[in-house]
Amino acid sequence: MIPKIHRQGSKTVGLIRYLYGPGTHEEHVDPRLVAAFDPLTPDPGRDPQATYKQLQQLLDQPVEALPKQRRPDKHVWHLSVRAAPEDPVLSDEDWAVIARRMVAATGIAPEGDEAACRWAAVRHADDHIHIIATLVRDDGRRPRRHNEARRAQTECRSIEADYGLRRVTPGDGTAAKHPSSAERHKAERLGQEAASRELLREHVRRALAGAADEAEFFARLAAEGVRINKRLAPSGDALGYKVAIVGDRNGAGEPIWYSGSELASDLSLPRIRKRFEATADMPEPPLSLERGGASAPARARHFATEATDTALTSMASRDDGTAAAQLVGVGEILDALAQTSLGATRSELREAAQHFERATRSHTRAKDKEMYALRRAANQIVHSGTALGRGQDGAATALVLDVMILAVIAAARWHAARSHAQQAEAAQRAADHLRAAYQATTAAPLAALRTYGQRLPAQAKQRYANTVRTAVPHLADRLQAEPGWDALTAVLDQADRAGHDTAALLTKATVQRELDSADSVSDVLVWRLHHLGYVTPPASAPRSQRPRTAPAPVPATAPVAHQVVNRPRRR
């Protein structure tokens with residue numbers, strides 16, 4: 001249940017006309033009074049003799065009783081209370097009780113206060129009510145409304161529990177502002193997929209992902225196709241910025257601008273500059289990640305895998321400032337991946353990035369320097385170009401998605417441990433979309449990988465079975481019994497042909513993190529071996545020729561979806 005306190009107004013009858021009228025899109029059905037300060041309050045919706053004017057005069061009496069110089073300029077208070085779409089339809093009697101609880105909780109009409117403000121609750125839809133009140137009490141004083149929005153939220157949490165409604169996660173005041181109903185209706189009229197506020201927030205995030213400096217940020221923002229209006233100092237330096245969707249104009253034909261801070265608190269220019277300061281002069285990736293003849297998108301994704309894997313350790317530390325910075329960096333990598341992927345993977349990554357955006361903000365102060373490696377990785381992903389969904393690019397995308405799932409789940413746990421309910425829920429939803437993106441990415445290469453393993457000659461299969469039994473004897477029986485065994489032997493064969501010491505590589509893969517609680521150990525090891533084979537120099541020269549019985553080449557491998565519990569798993 002969501003309460004919303006609207007802007008105060010000066011015309012009581014104007015709001016009454018809206019509440020009892022047809023609505024801007026004929027959406028108001030059977031408007032009627034469900035509760036009021038006085039049981040005898042006239043109801044223009046059900047009583048043919050009652051008028052809007054009568055209701056207005058009754059509500060405004062305490063205001064009119066004051067001398068003009070003491071009357072508040074904006075005396076009309078407006079609260080809407082909306083149930084979730086999946087909630088049962090409440091009766092008028094239920095909404096009447098809810099209305100009384102809300103005016104009591106917000107200080108408009110405390111229970112038992114005979115001189116409280118006058119109010120009325122109108123229902124014109126199944127899922128919500130509107131409460132109108134005038135902000136002068138019957139004794140001429142003003143109501144005590146300190147922290148009314150927070151108290152309204154608290155009361156709604158109690159109402160949800162009492163009526164068995166969907167439990168909305170409490171916020172901490174760091175969420176971006178949601179679009180108003182008017183903004184949503186306008187987006188529908190314009191044929192936009194979302195409200196301008198939401199589209200602009202995504203455009204700014206995309207432009208910011210891995211941007212090295214202010215110039216690159218604004219250049220990429222312009223490339224997004226949005227209008228930009230900078231506020232400049234006499235020196236020519238930017239003091240702030242505003243953005244607008246092309247074609248979104250007000251009644252006077254002017255663009256509707258949103259400042260960065262109006263989109264989200266961390267998108268103001270001063271906050272953005274802190275990210276640039278933390279990652280000034282980004283160097284090229286280490287040489288160990290440039291090897292192997294991989295494409296630029298693949299190299300960038302391997303580097304992001306390393307950076308994100310390292311960040312996982314930071315999230316588990318006790319330093320909240322470091323973890324908060326890593327969450328911002330993970331968000332930038334998600335935005336970077338979303339704009340450089342294709343097809344279904346791109347769609348799911350975009351959804352994941354939009355959800356995780358909420359998880360990047362809390363009251364914990366981030367140590368900006370700690371997001372250095374992740375922002376550098378995001379920068380390389382953006383500048384490496386679009387990754388293909390097959391071959392090396394597909395495998396590298398799957399690798400980074402695998403570790404991103406772990407990072408996002410770790411973020412959900414980190415937030416949950418600190419009672420950041422909205423952020424934890426947002427991270428869990430992001431993880432769901434990341435899993436879908438992973439499945440979309442790995443389906444074809446995994447099928448090829450399994451075929452590769454199945455076609456290996458019996459002698460090679462036995463050799464790799466012996467390697468597994470030597471390197472990880474405690475896991476050998478389990479690995480050979482799992483459906484992923486063929487994929488694992490395929491990766492071992494590829495590592496062997498590249499000149500790697502497969503036993504040493506396998507041992508290194510098993511000690512990275514625990515495996516006992518994994519649903520599929522072979523799946524986890526496929527991912528680890530593939531990445532270790534990329535970043536580890538071979539122990540010897542690659543074999544120049546394949547045995548006559550070797551299977552035909554197949555596309556570059558991709559890791560199987562991770563299931564490891566030690567690395568965070570979705571609960």
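A crossing is left-handed if the near helix is turned anticlockwise from the far one by less than a right angle. The views below come from a predicted model.

**View 1. Helix 10 passes helix 11 in a left-handed crossing.** Helix 10 spans residues 296–315, and helix 11 spans residues 320–338. Their axes come within 10 Å and cross at roughly 155 degrees. Angles over 145 degrees count as roughly antiparallel, so helix 10 and helix 11 are roughly antiparallel to each other. Helix 10 makes the contact through Arg-301, Ala-304, Thr-308, Ala-311, Ser-314 and Met-315. From helix 11 come Thr-322, Ala-323, Gln-326, Leu-327, Val-330, Ile-333 and Leu-337. By type, the residues of this contact are 8 nonpolar, 4 polar and 1 charged.

**View 2. Asp-248 is a buried loop residue.** Its loop runs between strand 7 (238–244) and strand 8 (258–259). The relative accessible area of Asp-248 is 3%, under the 20% cut-off, so Asp-248 counts as buried. The side chains of Asp-248 and Lys-186 are joined by a polar contact of 2.8 Å. Leaving aside residues up to four places away in sequence, Asp-248 touches Lys-186, Leu-190, Ser-196, Glu-254, Pro-255 and Ile-256.

**View 3. Ala-264 is buried in the loop between helix 8 and helix 9.** Helix 8 covers 260–263 and helix 9 covers 269–278. Ala-264 has a relative accessible area of 2%. Its contacts, not counting residues up to four places away in sequence, are Ala-176, Glu-357 and Arg-361. Thr-174 is 90 residues from Ala-264 along the chain, yet the C-alpha atoms of the two are separated by 8.4 Å.

Definitions and conventions:
Residues numbered from 1 in each chain as written. Predicted model: local features only at pLDDT ≥ 70, side-chain atom pairs only at ≥ 80, totals over all residues. Heavy atoms only, no water. Helix = DSSP H or I, 4+ residues; strand = E, 2+ residues; numbered from the N terminus. Buried < 20%, exposed > 50% of the residue type's maximum accessible area, 1.4 Å probe, protein only. Contact = heavy atoms within 4.5 Å. Axes fitted to C-alpha atoms, helices over the stretch in contact; angles between N-to-C directions. Parallel < 35°, antiparallel > 145°, perpendicular 65-115°, else oblique. Nonpolar A, V, L, I, M, F, W, Y, C, P; charged D, E, K, R; others polar. Polar contact = N/O pair within 3.5 Å; in protein donor to acceptor, adjacent residues only side chain to side chain.
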